[in-house]
Amino acid sequence: MKDKLTTLEKALAPVISGSSLMLGGSLLRRPPNAAVRHLIRSGVRDLTVMSWAGTTAVDLLAAADAIRRWEGIYVGMFNYGLAPNFRRGVENGRIEVRDFSETAMVARLRAAAQGLPFLPIRTLFGSDIARVNPEQIRSFSCPFTGETLQAIAAAETDFTLIHGYAGDKYGNVQWPVVRDTDDMDQPMAAAAKRLIVTVEKIIPHEEVRKQPSLTYIPGNWVEAIVEVPFGAHPAACDTLYDEDDRQMSDYVARSRTVEGAESYLAEFVHGVPDHTTYLEKVGGAAALATLDVRMGD
Amino acid sequence: MTSFSTNELIAAYLSRQIRDDDLCFVGVGTNGRAFTLAVGIPLAAVRLAQMRHAPGAAVYWGNLLEPDLSVIPESFTQDAFTRWEAAACPPDTGTKCDMLARRRFDVSFNSAAQLDRFGNMNITAIGDYRAPKVRLVGSLAQPEHFAFVRRPILLMDLDKRSFVERVDFITSAGHLSGGDSRRQAGLGEGGPHLVVTDKAVFDFAEDTRAMRLRSLHPGVTRDEVLSSMGFEPVIPDTIPETTAPNAEELTTIRKTIDPNRILLKV
């Protein structure tokens, strides 16, 4: 097995301006925020970003004006309202959007995972989601029944970025037995071309081997793995830490204006050289301990 | 007569729409009034139905199938979701999508930024899609709900900005342009079934599929309803009053289901 353990800098170096990028996580669970802050610092722009229920990671990239196009099921801030920077980017025409409903996005991921150009659904008849996107949603006649179905183009991206719970240096990432499963990280990993994962903790391979059924991202699929504790902050990593209400509220409040969003980026992204300094900046160990939700496990 | 809040009226009314063994989709999101409409009232309604006439009714919430509604979380941070006990928690959201597409859901609870005469709804964009006045959240599984669920129920406050002649963007196809246009477009049975608001309940006329006033909440007038809408619904000759909750339903809601006023708060 190949040692794939590396740094954010090395893992993300291949992601250049103009790349397409699938971002893992859903709502406030495990968006790859540390990796996204690194990408913003590195200055990449013109990204095509895909997500399931995108929140902080998509909105941070929008704040940095790094998104040319977004495709997915949702971008918002969950119980913190609409995504302020993403919303502004779409409203002023800087971000092109292509909406997909959930079965459509599932079809796209499964098609990519199977190496197929599309998979069919029958969800979007009569919906403007199909009307405005003839490039990726097309009706065709079922060769068996003659029924009209909708072909949904595969979700092919250059890179896929997922934040996970724990993994070994070979890139095997494991989930805990009890977790919040409302996400599409595993199908995204299966659909990936170049898969970069960050994890809360690197654990010994010997531990992974004892419970291989918990490995939802096999190292075999992974290009690089990076240990990034609190890598989803200010969002949550279910079973480990909750969302940081103070930081989330500050981000949303400042993002009401372009200047406010820029001041946030200047302070928490460009103003810190790396993730370790970021964690100090948001309050360090004492503040982060208040988010801890582990129950003696 | 016992006094009751509008939220209690709606929760009790909805509980009577739930049949035994119904599988009901409830959303997870937002806060404030939107939370009460999308999450709080639906959870209270299904629980009340379970306790009274529909013990087999179940909820799919987040990615939890049959979460324990006898212990509904009282704080809605991530860890409360993670620890909520349930019968099943499939490995990813794709499972729920498959269940939707195979028409396993009987009821869904939905809200929208805009809803029109024929029950088409919009949660994607206000104004022009490509240069919107307000970009909203996208679509989630709302198109699936209207495409595949047997009896989608909309839960919204009555408001001219939300109840519009024509939605700016059809996120979810309801009854499209009425009549059999939904079937013509390739959609099966389903589409919006009821619209329950803070002032009245609506359904959709069998022939035209246009929104129709079904009942007025106690104390609400017809004119009050019409002045809160951007179009005129079908008005029947006699308009019944929305059935009020009885004392037993109110006691169950207040003492057992929502003792700390979390679900029906605002």
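**A walk through a predicted two-chain model**

Let's start in chain B, where strand β13 (residues 200-204) and strand β14 (residues 211-216) pair in the antiparallel sense, held by five bridges. Keep in mind as you look around that this model is predicted. To find one of the pairings yourself, go to B:Ala200 and look across to β14(B): its bridge partner there is B:Leu216. β13(B) and β14(B) form a hairpin with six residues between the strands. In this hairpin, B:Arg209 takes a positive phi near 60°.

Now for another hairpin in chain B. How many residues join β8(B) to β9(B)? The hairpin connects them through four residues. Strand β8 covers residues 125-127 of chain B and strand β9 covers residues 132-135. These two strands run antiparallel, and three bridges join them.

Next, find the open sheet of three strands in chain B, whose order is β7-β6-β11. The pairing in this sheet is mixed. Which strands lie at the edges? They are β7 (121-122) and β11 (163-164) of chain B, and each of them pairs on one side only. Strand β6 (residues 114-116) of chain B runs parallel to β11(B), and two bridges join this pair. Within β11(B), B:Val164 is the residue that stands opposite B:Asp116.

Let's move over to chain A and look at how it is divided. Domain 1 of chain A is made of two stretches, 8-99 and 156-289, while domain 2 takes in residues 118-153. How many Å separate the centres of domain 1 and domain 2 of chain A? Taken over C-alpha atoms, the separation is 31 Å.

Finally, see where the two chains meet. Here 43 residues of chain A are in contact with 44 residues of chain B. Several elements of chain A each supply at least two residues to the side that touches chain B: β3 (67-75), α4 (84-91), α5 (102-114), α6 (128-131) and α7 (185-191). Which of these gives the most? That is β3(A), with four residues.

Terms used: Residues numbered from 1 in each chain as written. Chains lettered and ligands numbered in written order. Predicted model: local features only at pLDDT ≥ 70, side-chain atom pairs only at ≥ 80, totals over all residues. Contact = placed C-beta atoms within 7 Å. Pairing = 2+ DSSP bridges. Domains from an automatic or database assignment.
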